[in-house]
Amino acid sequence: MPVIKVENLYKSFGDLEVLKGVNAHVRKSEVVCVIGASGSGKSTFLRCINLLEIPTRGKIYIEGVELLEHRRQIDRLRQKAGMVFQQFNLFPNMTVVENVMLSPVQARKLPKAQARAKADELLARVGLSDKTNEYPSRLSGGQKQRVAIARALAMDPDIMLFDEPTSALDPEMVGEVLSVMKQLAQEGMTMVIVSHEMGFAREVADRVLFMDEGVIAEEGPPQQIFQNPRQARTRDFLAKVL
């Protein structure tokens, strides 16, 4: 059974139909990269997976549970899927370690000492042990995004969703964030990544989805998508970005 299954997903904002019948699945420990032009529906698709956007119609299953039928349990279900955004969304009045500790203490009622130990472990994992007591204003963009990844991991998710996690970063900071994501992939984390980083998608993804005008126009392993795309629209897109 796929850990994520999306069936006939539609999403409209007023008269604008952004998703037009998306069907997709993600298996356990699979890394799926979603690529496509701006406005193709990539981020909306990702945000629908954990109901940050409510679909107009369709079905979304996380580990076999249909989300729209169990909306009263959405907070518990969302804990299965950690989310990392373009913007870091850190609380500026909290230190790095306090940002990482917050959700486990509030949502999971984890004792503070246990949450602190977990936060220290995760900050070491993303290479930020020396920034534990700093405030976000004193961090670089790449460091902030690594804190955001540690914060998402603090909830012990089964799935990680990344919405263009490097798009707000200066070019020299992109590598440090991608390095953490590669490590997660090597450890077997199930990941869905919306990204413009084609080299990363080629290297790390098990499967690439190319979205165009609200549908998945083509999907396949990276070598097929990047070296021998079947659809003319995929070829046109890759010719512009590679």
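My entries below go from the pocket to the cavities.

**Entry 1: the largest pocket.** I kept in mind that this is a predicted model. I looked up the volume of the largest pocket and found about 570 Å³. Its lining is made of 20 residues, and I noted Arg78, Ala81, Met83, Ser103 and Met155 as those nearest the centre.

**Entry 2: who builds that pocket?** I found four elements that each give at least two lining residues: helix H2 (74–78), strand E6 (81–84), helix H3 (96–107) and helix H5 (141–153). H3 has the largest share, with 5 residues. Sorting the lining by class, I got 10 nonpolar, 7 polar and 3 charged residues.

**Entry 3: the largest cavity.** How many cavities of 30 Å³ or more does the structure hold? I found 2. The largest has a volume of about 40 Å³. I listed its lining as Ile4, Val6, Ala24, His25, Val26, Val32, Phe45, Ile49, Val192 and Leu209. Strand E1 (4–13), strand E2 (16–26) and helix H1 (42–49) each give two or more of these residues, and E2 has the largest share with 3. By class, I noted 9 nonpolar, 1 polar and no charged residues.

**Entry 4: the second largest cavity.** I read its volume as about 30 Å³. Ile49, Asn50, Ile62, Leu67, Ile74, Leu77, Arg78 and Ala81 line this cavity. Here H2 supplies the largest share, 3 residues.

**Entry 5: cross-check.** I marked Arg78 and Ala81 in my list, as they line both the largest pocket and the second largest cavity.

Note on methods:
Residues numbered from 1 in each chain as written. Predicted model: local features only at pLDDT ≥ 70, side-chain atom pairs only at ≥ 80, totals over all residues. Heavy atoms only, no water. 1 Å grid on protein atoms, 1.4 Å probe; cavity = no way out; pocket = protein on both sides within 12 Å on 5 of 7 lines; lining within 4 Å. Points joined across faces, edges and corners; volume = space filled by probe spheres on them. Nonpolar A, V, L, I, M, F, W, Y, C, P; charged D, E, K, R; others polar.
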